[in-house]
Amino acid sequence: MPLMGPQPGAALQTIAMPADTNANGDIFGGWLMAQMDLGASVLARSLADGRVATVAVNDILFQSPVHVGDVVSIFPTTLETGRTSITLDVKVRRYNAETRDERQVAEARIVFVAIDNEGRPRPLPEPS
């Protein structure tokens with residue numbers, strides 16, 4: 001992917017802030033995981049045509065640190081759908097405007113289940 005900063009097509013983009021750092025000044029992995037879940041849920045909700053619940057985060061890999069001020073972009077893609085579940089591949093890129101450095105910093109597989117208003121699993125809509 002060419003170096004180009006904030007990217008169209010990302011399900012979610014945000015800026016890493018000082019309140020999200022650990023004692024070393026790097027962004028907490030837990031904060032990054034939350035952004036991955038939020039960004040992936042945008043696609044999952046669209047595919048499910050409604051509410052979803054996160055049921056698993058698998059194979060998460062942190063590849064490079066995120067720093068305060070970095071633009072963090074979340075890119076989910078569909079790996080598999082079942083009767084009620086959606087498995088997404090989620091990649092995270094960060095862009096530092098000062099250095100113009102852009103790179104992938106994390107990836108994971110996240111599984112969502114479509115749920116009804118009572119929180120019970122429901123079938124996914126038929127593909128059109």
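These notebook entries record what I looked up in the predicted model.

**Conventions.** I treat the structure as a predicted model in which local features need pLDDT of at least 70 and side-chain atom pairs count only at pLDDT 80 or more, while totals for chains, interfaces and linings use all residues. I number residues from 1 along each chain as its sequence is written, and side-chain values use heavy atoms, with hydrogens and water left out.

**Overall fold.** I find 1 helix and 5 strands (DSSP runs: helices are H or I of at least four residues, strands are E of at least two, numbered from the N terminus). Along the sequence they follow the pattern β-α-β-β-β-β.

**Dimensions.** The C-alpha trace spans about 45 × 30 × 25 Å along its principal axes. I note that 38% of the 128 residues count as buried (under 20% relative accessible area, 1.4 Å probe, protein chains only).

**Contacts.** Among contacts with a separation of 6 or more, 68% join residues 24 or more positions apart (contact means heavy atoms within 4.5 Å).

**Gln-35.** I place Gln-35 in helix H1, residues 29-48. Gln-35 is buried at a relative accessible area of 11%. Beyond neighbours within four places in sequence, Gln-35 is in contact with Leu-12, Thr-14 and Ile-74.

**Ala-40.** I find Ala-40 in helix H1 as well, buried with a relative accessible area of 0%. Leaving aside neighbours within four places in sequence, the contacts of Ala-40 include Ile-74, Pro-76, Leu-88 and Val-90. I also checked Asp-89: Ala-40 and Asp-89 are 49 residues apart in sequence and 8.4 Å apart in space, C-alpha to C-alpha.

Methods. Buried means under 20% relative accessible area, exposed over 50%, partly exposed in between (1.4 Å probe, protein chains only).
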